[in-house]
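Here are some notes to read alongside the model, written for someone who is new to reading protein structures. Please keep the sequence and the 3D view open while going through the points.

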Amino acid sequence: QVQLVESGGGSVQAGGSLKLSCVADGYTYTNYCMGWFHQPPGKERVGVAAIDGEGITSYVDSVKGRFTISRDIDKNILYLQMNNLKPEDTGMYYCAAPVRDIGSRFWCLVRTEYTYWGQGTQVTVSS
């Protein structure tokens, strides 16, 4: 019914860049937040970037100034531009979408607010 498919991951040297994409097939709640989540190996999944229905963005402190989230409403695609990558950015990246309005921009980075998840794309950053 709803399928999120991430792509764009890969292996890069520290300081390099990647751009992730998430195609949200069957998702119609275009006025709700969507987010990108990072799960390092052996650690919990945490929100790194989110964008609300008005295009307002939120970022975790560790990626501010390096990552940029954007959304193509017409094509139903979510993007994450990742610049100046660091080894600690290594891990799986997942896109996520809710089934209801999260209500506050602050909560768009909270994992438990989301219902739909992609299968993830792997990012590896070497020193």
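Are cysteine 22 and cysteine 95 buried or exposed?

1. Cysteine 22 is buried, and cysteine 95 is buried as well, where buried means under 20% relative accessible area, exposed means over 50%, and partly exposed lies in between (1.4 Å probe, protein chains only). Before going on, please note that this is a predicted model, in which local features need pLDDT of at least 70 and side-chain atom pairs count only at pLDDT 80 or more, while totals for chains, interfaces and linings use all residues. Residues are numbered from 1 along each chain as its sequence is written, and side-chain values use heavy atoms, with hydrogens and water left out.

2. These two cysteines form a disulfide with their sulfur atoms 1.9 Å apart, a disulfide being a pair of cysteine sulfur atoms within 2.5 Å. Because cysteine 22 lies in strand S3 and cysteine 95 in strand S9, the pair ties together parts that are 73 residues apart in sequence. Strands (E, at least two residues) and helices (H or I, at least four) are DSSP runs, numbered from the N terminus.

3. Another disulfide joins cysteine 33 to cysteine 108, with an S to S distance of 1.7 Å. Cysteine 33 lies in the loop between S3 and S4 and cysteine 108 in the loop between S9 and strand S10 (116–117), so this pair ties together parts that are 75 residues apart in sequence.

4. Four strands form an open sheet in the order S1-S3-S8-S7, with antiparallel pairing, and two strands are said to pair if DSSP finds at least two bridges between them. The edge strands are S1 (3–7) and S7, each of which pairs on one side only. Within this arrangement, S3 and S8 pair in the antiparallel sense over six bridges, and leucine 20 has leucine 80 in S8 as its bridge partner.
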